[in-house]
Amino acid sequence: MASDIQPQPQARKPCLLSKIEAFQEVVSTAVIIPKEDGVISVSEDRTIRVWLKRDSGQYWPSVYHTMPSSCSCMSFNPETRRLSVGMDTGTICEFVLAEDYNKMTPARTYQAHQSRVTVVLFVLEMEWLLSTSQDKNFTWHCSESGQQLGTYRTSAWVSGLQFDVETRHAFVGDQSGQVTILKLEQDSCSLVTTFKGHTGNVTALCWDPVQRVLFSGSSDHSIIMWDIGGRKGTAIELQGHNDKVQGLCYASHTRQLISCSADGGIVIWNMDVTRQEVRDMDGTRQEVRDMDGTRQETPEWLDSDSCQKCEQPFFWNFKQMWDSKKIGLRQHHCRKCGQAVCGKCSSKRSTIPLMGFEFEVRVCDSCYESISDEDRAPTATFHDSKHSIVHMHYEPTAGNLLTSGTDKVIKLWDMTPVVS
């Protein structure tokens, strides 16, 4: 059923511990059971399985339960051992696991939605069950009575959901690329604000209640860190993936963000640095300060009819083209200063990690000369999981990471070499 991998220690790299196989379809969601050598998985093959590590070192299912339809998502609460499973039909089924994780007892069924459940989230402190669906409804139920407390209609179906217990704020990310903040009450909710920074749909959300920041990942390959608690109305963009972001986890004790993408990439971001690429939540840049306190004006992309370096006309500037008898050039922008430049004046590429660019981007020749080796020092590390990731879960107690892929395989990783 599952093979045990003998770890090959490598400095500063995630170490593959085990692989769990034997699924007929893709695993929709899986979680590591804290303080146990165990994994819970729900799959498109309609199964709920609890995997426990045996003396042989292999993971075998102690619970194998078949549902009437595909399982789309789940939420597991270790304190109560309550498992909430979202279904393709819109139903949410709740179970309670035995202390030894060898038995699962049905507890309640919620007729929550009209179509596939996309996210389910159990909040123990409120005794609420939050859920979203492709029917574009965000709902919350009382987990004690099973009664629906409220619902909110979104403009697009929701693909990301987080909740802050202290303020009762729900963070809802949808397919339009928008993030909505709702204030939940016992039987009503109010719209706090909405903001949009992604050009693609929101694929993942992660909330850190300590720093009070929200991370959003998108199909546009980017991650944005939204400063919610600081009340500065700013956001930092991170560019480090070549495919859509599939999962986000934040290790608050080390201030590191773990992200994964559909191409199998796992990125560990050091968030304990002062980054320069800061913008308002309405999309405009704003001034920030470097770590030494000096002012750093972050760039807006400037408009110009000609290159702001060599003054050659761009291809729509017919008058200057006619007067100078020159062919119009294509416009580009320097990612560091924001000036509109031609290809000849921006022939260089450079990483600018403190501005969020971990990959090389276009910069003008003068900015290239101003970027030091220290400025190019990476603030993230990059790793290959060797399977196309659809879901990720991080368990901070043991420092282990779980990834499930389109190859119908779950992989367990020791992240302590890179998250520390």
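How many salt bridges does a search of the whole structure find? The search finds eleven. Please keep in mind that this is a predicted model. I will go through some of those salt bridges, then a sheet, then a few single residues.

Some background before the details. Side chains of opposite charge can pair when their charged atoms come close.

Start with aspartate 45 and arginine 49. They form a salt bridge, and their closest N and O atoms are 2.9 Å apart. Are these two residues buried or exposed? Aspartate 45 has a relative accessibility of 13%, and the limit for buried is under 20%, so aspartate 45 counts as buried. Arginine 49 is at 2%, so arginine 49 counts as buried by that limit too.

Next, arginine 212. The side chain of arginine 212 meets that of aspartate 164 in a salt bridge, at 2.8 Å from N to O. This pair links distant parts of the chain, 48 residues apart. Aspartate 164 belongs to strand β15, residues 158–164, while arginine 212 is in the loop between β19 and β20. Aspartate 164 is buried, with a relative accessibility of 3%.

Arginine 212 also forms a salt bridge with glutamate 166, where the closest N and O atoms are 3.7 Å apart. Why does this pair tie together parts that are 46 residues apart in sequence? Because arginine 212 lies in the loop between β19 and β20, whereas glutamate 166 lies in the loop between β15 and β16. Glutamate 166 has a relative accessible area of 67% and is exposed.

There is also a network of salt bridges. It links Glu44, Asp88 and Arg116.

Now the sheet. In which order do its four strands come? The order is β15-β16-β17-β18, in an open sheet with antiparallel pairing. β15 and β18 stand at the edges and each has a single partner strand, so one side of each is left without a neighbour in the sheet. Ignoring direction, neighbouring strands of this sheet are turned against each other by 20° on average.

Look at one pairing within that sheet. Strand β17, residues 178–184, runs antiparallel to β18 and is joined to it by seven bridges.

A word on rings. The count of aromatic pairs comes to eight. Separately, arginine 376 has its charged end over the ring of tyrosine 368, 4.8 Å from the ring centre.

Next, a loop residue. Where is threonine 254? It is in the loop between β23 and β24. Threonine 254 is buried, with a relative accessible area of 17%. Leaving aside neighbours within four places in sequence, threonine 254 is in contact with Val419 and Ser420.

Last, two backbone angles. Most residues other than glycine have a negative phi. Histidine 221 has a positive phi, near 80°. Histidine 221 sits in the loop between β20 and β21, and is partly exposed at 28% relative accessible area.

Lysine 386 also has a positive phi, in this case near 60°. Its place is in the loop between β33 and β34. Is lysine 386 buried or exposed? At 65% relative accessibility, with the limit for exposed being over 50%, lysine 386 counts as exposed.

That is the end of my tour.

Methods. Residues numbered from 1 in each chain as written. Predicted model: local features only at pLDDT ≥ 70, side-chain atom pairs only at ≥ 80, totals over all residues. Heavy atoms only, no water. Salt bridge = Lys/Arg side-chain N within 4 Å of Asp/Glu carboxyl O. Buried < 20%, exposed > 50% of the residue type's maximum accessible area, 1.4 Å probe, protein only. Helix = DSSP H or I, 4+ residues; strand = E, 2+ residues; numbered from the N terminus. Pairing = 2+ DSSP bridges. Axes fitted to C-alpha atoms, helices over the stretch in contact; angles between N-to-C directions. Phe/Tyr/Trp six-rings, centres within 6.5 Å; stacked < 30°, edge-to-face > 60°. Lys NZ or Arg CZ within 6 Å of the ring centre and 35° of its normal. Contact = heavy atoms within 4.5 Å.
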